[in-house]
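Hi there,

Here is the structure I promised to pass on to you. Please open it and keep it on screen while you read the rest of this email.

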Amino acid sequence: MNFATEIARNLLQIKAIKLSPQNPFTWASGLKSPIYCDNRTLLSYPVIRDLVVEGLVEKSKLFQPFDLVAGVATAGIPHGALLADRLKLPFVYVRAKAKEHGRQNLIEGELKRGQKVLVIEDLISTGGSSLQAVEALRSEGSTVVGVLAIFSYEFDAAKTSFQQADCPLETLSNYSTMTQVALESAYVSSADQETLRLWRQDPKQWSTQWEN
């Protein structure tokens, strides 16, 4: 079993990833989805949490050298902090928007101009929040070596966005690996797996079909 498969299996086991092809979830955006992923759940499971940190440490070698780790608020903060602690590197985090009081910070922590930064995210869907953080760091004079996340839905739009931003992306596991694990463990049927595959290709179209 490779590492991506092991991560997917564990996320399904603790229900950090939930699948419901017949009764889809509704995301905050209003999109109907057969999957809901909340990697904050794994923080409550020390063994799996350690497994994820080990994976982040190993994958982070692809981006070396870098000077500090930046977490994307809010879900990327704990995972980024755990990685920074393991690597004995400084840590900052990037807000979705600047605070409306105090120093009105967008980036919390000490960031020095010219530093090389690895950005940590828990989940990549469209990539919007991650790339917003990348732009914020770049605007402060940092060099972003890339984004490292736990899981990706593998949307083509996200792949295109990261390429256009000239920002490398790596993840510990991904949607196609997860759906295969779900099928092999009888979490879903082959028909459900096909629904999951087709949804990923065109989420908006499938969302509309479910609404109807």
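This is a predicted model: local features need pLDDT of at least 70, side-chain atom pairs count only at pLDDT 80 or more; totals for chains, interfaces and linings use all residues.

Let's begin with a pair of helices. Helix 1 covers residues 3–13 and helix 2 covers residues 46–60; their axes come within 11 Å and cross at roughly 150°. Angles over 145 degrees count as roughly antiparallel, so helix 1 is roughly antiparallel to helix 2. The crossing is left-handed.

Which residues make this contact? On helix 1 they are F3, E6, I7 and N10, and on helix 2 they are I48, L51, V52 and G55. Sorted by class, that gives 5 nonpolar, 2 polar and 1 charged residues. As you look at the spacing, remember that an α-helix has 3.6 residues a turn, so residues three or four places apart point the same way.

Now pick out V52, which sits in helix 2. Its relative accessibility is 1%, so V52 counts as buried. Leaving aside residues up to four places away in sequence, V52 touches I7, L42, I150 and L172.

Finally, go to helix 6, residues 175–184, where Y175, T177, M178, T179, V181 and A182 are buried. What covers them? The cover includes helix 1, strand 1, strand 4, strand 9, strand 10 and helix 7. Just after helix 6 you will find A186, with a positive phi of about 65°.

Enjoy exploring!

Best wishes

Notes. Residues are numbered from 1 along each chain as its sequence is written. Side-chain values use heavy atoms; hydrogens and water are left out. Axes are lines fitted to C-alpha atoms, for helices over the stretch in contact, and angles run from 0 to 180 degrees between N-to-C directions. Helices (H or I, at least four residues) and strands (E, at least two) are DSSP runs, numbered from the N terminus. Angles under 35 degrees count as roughly parallel, over 145 as roughly antiparallel, 65 to 115 as roughly perpendicular and the rest as oblique. A crossing is left-handed if the near helix is turned anticlockwise from the far one by less than a right angle, and right-handed if clockwise. Contact means heavy atoms within 4.5 Å. Ala, Val, Leu, Ile, Met, Phe, Trp, Tyr, Cys and Pro count as nonpolar, Asp, Glu, Lys and Arg as charged, and the others, Gly among them, as polar. Buried means under 20% relative accessible area, exposed over 50%, partly exposed in between (1.4 Å probe, protein chains only).
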